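Please walk through this protein chain with me, from its overall make-up to the surroundings of single residues.

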Amino acid sequence: MLGETRNRPLSCTLFNTVTEAALDFSMIYNAMSINENVEFGARVFSTVVNGVTQFYYTTPFRGTHNSILPLAIPVRGTVASLHTHGAFMERYGAGSNNFSQEDLRWLHGDYLYVATPIGSLLRYTRSTGIIDTVSTLIPSDPNDPRRLNQVSPDGISGPTTNAIRPSWVILSPWIAYFTRW
Ligand SMILES: [Zn+2]
């Protein structure tokens, strides 16, 4: 079972696989994440259309330059959690190019995906504990010395929202505990 069926926003795009949804998210939001140096996150849910299971992601929300705390809130039926790691930052080095321990501990769903500044999209499969590379062709940060491709983040924009960022997230003392997750 891949999560429960639930009502979806009328306007959202449906995908045949979770990975296709994650790639679509990454092409838009990794670019924005690099340009603005904030993390973006979204959840993937399944729905059944004419007997066929399909997937969609929720309107992404904005974290900080090193956290995506709203994704730690459990939401029933979450199939996967998607997030980005912002722009290249010297102090995080290669750490930005993989899941953090906080990602694996706090994010929800059978699959976790992270889009990195070097232009890779990684997937963690909870049932096996395996991390694999889904793509190295998503937008990357020109300032990152480890950059894997020449896909520019320039000129890509999408809907932005702070709708799911309550003020307690910003004020929470937890935030001091998390670094780039
Ligand atoms: Zn992370």
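A residue is called buried here if 20 or more other C-beta atoms lie within 10 Å of its own, exposed if 12 or fewer do, and partly exposed in between, with the C-beta atoms placed from the backbone. Gly119 counts as buried because 25 other C-beta atoms lie within 10 Å. The coordinates are those of a predicted model, in which local features need pLDDT of at least 70 and side-chain atom pairs count only at pLDDT 80 or more, while totals for chains, interfaces and linings use all residues. Residues are numbered from 1 along each chain as its sequence is written.

The confidence of the prediction is expressed as pLDDT, the predictor's confidence in each residue on a scale from 0 to 100. Its mean for the protein chain is 84, and 80% of the residues reach 70 or more. Over residues 1-6 the pLDDT is below 50, and this stretch has 17 contacts in the model beyond near neighbours in sequence; a contact means that the C-beta atoms of two residues, placed from the backbone, lie within 7 Å. Residues 160-179 likewise stay under 50 in pLDDT, with 19 contacts beyond four places in sequence.

The protein chain comes to three helices and seven strands, where helices (H or I, at least four residues) and strands (E, at least two) are DSSP runs numbered from the N terminus. Read from the N terminus on, these elements follow the order α-β-β-β-β-α-β-β-β-α. Of the 181 residues, 38% count as buried, and among contacts with a separation of 6 or more, 67% are accounted for by residues 24 or more positions apart.

Helix 1 has 19 residues and reaches 26 Å from its first C-alpha to its last, close to the 27 Å expected at 1.5 Å a residue, the expected span being 1.5 Å times one less than the number of residues. A kink of about 35° is centred on Ser26, the bend being the angle between axes fitted to the seven residues ending at a residue and the seven starting there. The buried residues of helix 1 include Val18, Ala22, Phe25 and Ser26, and what covers the buried residues of this helix includes strand 1, strand 2, strand 4, strand 5, strand 6 and strand 7. After helix 1 comes Asn37, whose phi is positive, near 50°.

A nonpolar core is a set of buried Ala, Val, Leu, Ile, Met, Phe, Trp, Tyr and Cys residues joined through C-beta atoms within 7 Å. The largest one holds 33 residues, of which Val18, Ala22, Val44, Ala80, Leu82, Leu112 and Tyr113 touch the most other members. Its largest share, eight residues, comes from helix 1. Leaving aside neighbours within four places in sequence, Val18 is in contact with Val44, Phe55, Val79, Ala80 and Tyr111.

Strand 6 and strand 7 run antiparallel and are joined by five bridges, at least two DSSP bridges being required for two strands to pair. They form a hairpin with four residues between them, and Gly129 in the turn has a positive phi of about 75°. Thr125 has Ile130 of strand 7 as its bridge partner. Strand 7 is hardly covered, since the count of buried residues among its six residues is zero.

To return to Gly119, this residue lies in the loop between strand 5 and strand 6. Not counting residues up to four places away in sequence, Gly119 touches residues including Thr136, Pro139, Arg147 and Val151. The C-alpha atoms of Gly119 and Gln150, 31 residues apart along the chain, are separated by 8.7 Å.
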